[in-house]
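Subject: Handover of a structure

Dear colleague,

Please find below the structure that I am handing over to you.

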Amino acid sequence: MRTARSAFVSLIGVVLTLGLAACGGAPEPAATTAEPSPTAEALPAGPIAVLGDSMSLGVNACESVGPCPEVSWALGDNPAVSSVSAQLAETEGTEREHIWGARDGGTVTNAAAAVDKVVAAESGIVLILVGANDVCRPTVGDVTPPETFAATYTEMLTDLREGLPDARIVTLSIPDLLQLWDIGRGDARIAELWNESPSCRSILGNAQSDAPEDVERRDAMSAVIDEYNAAISSACAATTGCVYDAGAMHETEFTAEDISALDRFHPSASGQQKIAAVAWPLLSANPSS
């Protein structure tokens, strides 16, 4: 059995029979060092926006299946999560307007398509966590090629910078989706639902199997996530005013309590809090110049 990896999943939109929505070398380190908390004066004015997928929408993090934006790591207002937006509001003494550019099941292509919305709102801060749905696909053949992911992500950051020349851009690495599989595979009910779902079979297919072909497939998907994270690091380093988490999200350790009780794959409220804890200090980090 594969040992639990130090990381967690970004999420996908794998719709399970239960009505679930769900379905990861090291990433290049970025030359940025996060400090405890940002000052209001250091950040550009304007709304705070998020680009991403179901994880940023709090999907399956509450008691009912579906989005639960109040516990979003990015823009939520639940005190238990301490989202980036909530901590920023406490620091600045006022809440910024929220711009939701995340989409349930969204890929890097969907995130890039939402840039116009974020730019039109004249956002001052843009938070980005995307890529899980590019690797969590119905078949291995459907997985976004790393070179395509890299080109699209780079184009997304270029368009953001051109449209918002002064905005602070914060990019997070993709969590280790294989850890989510490793935690959930022990639940026979969840494993059965994963196996019955046509979604995310690139990672969750044959959930409890340790057959060589299944181990090889999962290892290949883990390598794809590493390539995606390397691409995120490179794209951010080449973008003025961008800060990357240096792989911190990918290396964050999650427990079963940090994963949704509904699908055992999306982050729970406590999982959302851990994502926020990675993202928040990045607002004070020295951006690329």
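Cys 136 counts as buried, at 4% relative accessibility, where buried means under 20% relative accessible area, exposed over 50%, and partly exposed in between (1.4 Å probe, protein chains only). A disulfide joins Cys 136 to Cys 200, S to S 1.5 Å; the term denotes a pair of cysteine sulfur atoms within 2.5 Å. The torsion about the S-S bond of this pair is about -95°, so the disulfide is left-handed. The pair links distant parts of the chain, 64 residues apart: Cys 136 lies in the loop between helix H4 (132–135) and helix H5 (146–163), and Cys 200 in the loop between H7 and H8. Helices (H or I, at least four residues) and strands (E, at least two) are DSSP runs, numbered from the N terminus.

Please note that this is a predicted model, in which local features need pLDDT of at least 70 and side-chain atom pairs count only at pLDDT 80 or more, while totals for chains, interfaces and linings use all residues. Residues are numbered from 1 along each chain as its sequence is written, and side-chain values use heavy atoms, with hydrogens and water left out.

As to the chain overall, the protein has eleven helices and seven strands. Of its 289 residues, 57% count as buried. The protein chain exposes about 10900 Å², of which carbon and sulfur atoms supply 51%; accessible areas come from the Shrake-Rupley method with a 1.4 Å probe, and for residues only the protein chains shown count as cover.

The count of disulfides comes to three. In general, such a link is a covalent bond between the sulfur atoms of two cysteines. Besides the pair described above, Cys 62 and Cys 68 form a disulfide with their sulfur atoms 1.8 Å apart, and this link is left-handed, with -70° about the S-S bond. Cys 62 is partly exposed at 27% relative accessibility, whereas Cys 68 is buried at 4%. Cys 236 and Cys 242 also form a disulfide, with a sulfur separation of 2.1 Å; its S-S torsion is -115°, again left-handed. Cys 236 is buried at 2% relative accessibility, and Cys 242 is buried at 0%.

Two backbone angles also deserve a mention. Cys 200, which is buried at 1% relative accessibility, has a positive phi of about 55° although it is not a glycine. Glu 122, in the loop between helix H3 (115–120) and strand E5 (125–129), has a positive phi near 55° and is likewise not a glycine. Glu 122 is exposed, with a relative accessible area of 60%.

With kind regards
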